[in-house]
Amino acid sequence: GKMESWIKLFNERLAPVHEKYGMTIGGAWVYKPMNEFIWLRVFETAEEEKAKTEAYFKLPERVAIGDLPAQHIAKTEVRVSELVHASPTPDPFPKAAQFRLYTVNRGMLDQYVDFFQKNLAPLHEANGIPILNAWAHRQQSEFIWFRGFDSLADIEPMVDRYNNTPERKALGDLPASHHAKMEVREVEYVF
């Protein structure tokens with residue numbers, strides 16, 4: 001279907017153009033139940049993102065691709081966000097992840113980032129669940145993060161084990177008390 005065709009186009013044509021021109025791709029994942037493709041482009045600053053994105057669409061290699069991407073995409077959402085946490089890159093890189101998007105209660109984003117960095121991230125790491133990266137999207141008070149797993153089948157048992165540790169139980173509902181809304185997707189790594 002379209003998703004397989006899109007992944008091929010992304011991996012064989014779009015990603016190489018990004019990388020050739022210094023646009024780092026932090027990963028790409030597929031959420032099959034909703035036919036979603038989620039990917040990360042990594043820049044040092046928002047200004048760099050803007051300048052490189054504008055230049056990208058004028059590159060001869062990108063112009064040659066034409067409107068092929070638009071033929072595959074029904075909807076696009078872009079969030080320019082600040083990296084707030086990343087574990088050392090696991091080797092091998094996890095084949096699956098939980099993509100988690102929290103809308104954080106107004107005025108609590110910095111507090112949640114601090115809480116996450118000091119409590120949740122180390123607890124995940126201690127239980128064998130790497131935090132691939134975590135981002136703060138300040139304009140919409142969102143916290144976006146990926147936690148890695150070897151396979152989709154590993155997610156439920158590893159999360160259950162994590163949630164049942166004494167350290168996580170001691171935190172109770174404190175993490176969720178920051179959230180106005182939570183979206184979770186179990187995704188497969190494709191780039």
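This is a predicted model: local features need pLDDT of at least 70, side-chain atom pairs count only at pLDDT 80 or more; totals for chains, interfaces and linings use all residues.
**Strand 5 and its partners**

On one side, strand 5 pairs with strand 3 in the antiparallel sense, over three bridges. One of the contacts in this pairing sets glutamate 82 against its bridge partner in strand 5, alanine 136. Strand 5 also pairs with strand 6 (residues 142–149), again in the antiparallel sense, over six bridges. Here alanine 134 has tryptophan 145 of strand 6 as its bridge partner. The hairpin of strand 5 and strand 6 has four residues between the strands, and serine 141 takes a positive phi near 50 degrees there.

Strand 3 (residues 82–85) includes histidine 85. Is histidine 85 buried or exposed? With a relative accessible area of 19%, histidine 85 falls under the 20% cut-off and therefore counts as buried. Leaving out residues up to four places away in sequence, histidine 85 touches Phe116, Gln117, Ala121, Glu125, Ile131, Asn133 and Ala134.

**The nonpolar cores**

The largest nonpolar core has 23 residues, and those with the most contacts inside it are Tyr112, Phe116, Leu120, Ala134, Phe143 and Trp145. Two or more residues each come from strand 4 (96–104), helix 5 (109–126), strand 5, strand 6 and helix 6 (152–163). Helix 5 gives the largest share, eight residues. Nonpolar side chains tend to be buried together in soluble globular proteins.

What does phenylalanine 143 contact, beyond its neighbours within four places in sequence? The list includes Val84, Arg100, Leu101, Tyr102, Val104 and Leu109, along with Tyr112, Val113, Phe116, Ala134 and Trp135. Another core, of 17 residues, lies apart from the largest one; among its members are Met3, Trp6, Leu9 and Phe43.

**Helix 2 and its two sides**

In helix 2 (residues 46–56), Glu49, Thr53 and Tyr56 are buried. Seen down the helix axis, the buried residues fall within an arc of 60 degrees, so they line one face of helix 2. Glu47 and Lys50, on the other side of helix 2, are exposed. The cover over the buried residues includes helix 1 (2–20), strand 2 (36–42) and helix 3 (60–65).

**Salt bridges**

The structure holds 14 salt bridges.

| Salt bridge | Distance |
|---|---|
| Glutamate 61 and lysine 20 | 2.7 Å |
| Glutamate 36 and arginine 185 | 2.5 Å |
| Arginine 185 and glutamate 183 | 3.0 Å |

Glutamate 61 forms a salt bridge with lysine 20, a pair that links distant parts of the chain, helix 3 and helix 1, 41 residues apart. Glutamate 61 is partly exposed at 25% relative accessibility, while lysine 20 is exposed, with a relative accessible area of 59%.

The side chains of glutamate 36 and arginine 185 also meet in a salt bridge. Glutamate 36 lies in strand 2 and arginine 185 in strand 7 (residues 179–189), so this pair ties together parts that are 149 residues apart in sequence. Glutamate 36 is partly exposed, with a relative accessible area of 22%, whereas arginine 185 is buried at 15%. Arginine 185 meets glutamate 183 in a salt bridge too, and glutamate 183 is partly exposed at 23%. Through shared partners, salt bridges join Glu36, Lys181, Glu183 and Arg185 into one network.

Note on methods: Residues are numbered from 1 along each chain as its sequence is written. Side-chain values use heavy atoms; hydrogens and water are left out. Buried means under 20% relative accessible area, exposed over 50%, partly exposed in between (1.4 Å probe, protein chains only). Contact means heavy atoms within 4.5 Å. The arc is that of the directions from the helix axis to the C-beta atoms. Two strands pair if DSSP finds at least two bridges between them. A nonpolar core is a set of buried Ala, Val, Leu, Ile, Met, Phe, Trp, Tyr and Cys residues joined through side-chain atoms within 4.5 Å. A salt bridge is a side-chain nitrogen of Lys or Arg within 4 Å of a carboxyl oxygen of Asp or Glu.
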